[in-house]
Amino acid sequence: MLLSGLIVGYLALFGMVWGGITIGMTILGFALLLRNTLTLGLEDFDAWLLTVPVFGRLYEILLRKETFFRQDTRLMYVEMVERIIKAKINEVTASEGIEKVEFIEARPDMHPLLARMVQVPTRTSV
């Protein structure tokens, strides 16, 4: 509704030709602003945009760059959670008198849409 109102207002104020140009420049400027939110130091605005239900997902997919830092952080988080779980299992089993626990490194079967939505990072061996 906001976009429709903006388009109608621009066309009413500037006419068909200049209104179209103004609409295009406004959309381009807004897209560039969203693309550079972190560069401009707008971390809170970036975090808020991600919480908006539909627009946040589109912003994340289309305008937010996937960086090596974000990938590395995600991989470290997954690895650290796995280490913590293994350590806690060893701690509990050792207190119960169980000597050796085998860990099976397998991911559960997921529906393809869920797997794409979750986007679980894959580990690469060095």
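1. Let's start with Arg57, a partly exposed residue because its relative accessible area is 36%. Here buried means under 20% relative accessible area, exposed means over 50%, and partly exposed lies in between (1.4 Å probe, protein chains only). Glu60 is also partly exposed, with a relative accessible area of 36%. The side chains of Arg57 and Glu60 form a salt bridge, 3.5 Å from N to O; the term stands for a side-chain nitrogen of Lys or Arg within 4 Å of a carboxyl oxygen of Asp or Glu. Both residues sit in helix 3, three residues apart, about one turn of the helix.

2. A word on how to read these values: this is a predicted model, in which local features need pLDDT of at least 70 and side-chain atom pairs count only at pLDDT 80 or more, while totals for chains, interfaces and linings use all residues. Residues are numbered from 1 along each chain as its sequence is written, and side-chain values use heavy atoms, with hydrogens and water left out.

3. Now for the overall picture. The protein chain has five helices and zero strands, and from the N terminus its elements run α-α-α-α-α. Helices (H or I, at least four residues) and strands (E, at least two) are DSSP runs, numbered from the N terminus. Of the 126 residues in the protein chain, 11% are buried. The chain exposes about 10,800 Å², with carbon and sulfur atoms supplying 68% of that area; accessible areas come from the Shrake-Rupley method with a 1.4 Å probe, and for residues only the protein chains shown count as cover.

4. How do helix 2 and helix 3 meet, and at roughly what angle do their axes cross? The axes of helix 2 (residues 43-51) and helix 3 (residues 53-63) come within 5 Å and cross at roughly 115°. Axes are lines fitted to C-alpha atoms, for helices over the stretch in contact, and angles run from 0 to 180 degrees between N-to-C directions. On the helix 2 side are Asp46, Leu49, Leu50 and Thr51, which meet Pro53, Phe55, Gly56, Tyr59 and Glu60 of helix 3. By class, this contact has five nonpolar, two polar and two charged residues. Ala, Val, Leu, Ile, Met, Phe, Trp, Tyr, Cys and Pro count as nonpolar, Asp, Glu, Lys and Arg as charged, and the others, Gly among them, as polar. Contact means heavy atoms within 4.5 Å.

5. Back to charge pairs: the structure holds four salt bridges. One of them joins Glu82 and Lys86, with the closest N and O atoms 3.3 Å apart. Glu82 and Lys86 are four residues apart in helix 4 (residues 68-96), so about one helical turn separates them. Lys86 counts as partly exposed because its relative accessibility is 25%. Glu91 and Lys88 also meet in a salt bridge, at 3.6 Å from N to O. They are three residues apart in helix 4, so they too are separated by about one helical turn. Lys88 is partly exposed, with a relative accessible area of 47%.

6. Leu11, Leu13, Phe14, Met16, Val17, Trp18, Ile21, Met25, Leu28 and Leu32 make a nonpolar surface patch of about 1,100 Å². Patches are made of residues with over 30% relative accessible area and no salt bridge; like charges are joined within 9 Å, and nonpolar side chains (Val, Leu, Ile, Met, Phe, Trp, Tyr) within 5 Å. Val17 is found in helix 1 (residues 2-35), and Val17 counts as exposed because its relative accessibility is 59%.
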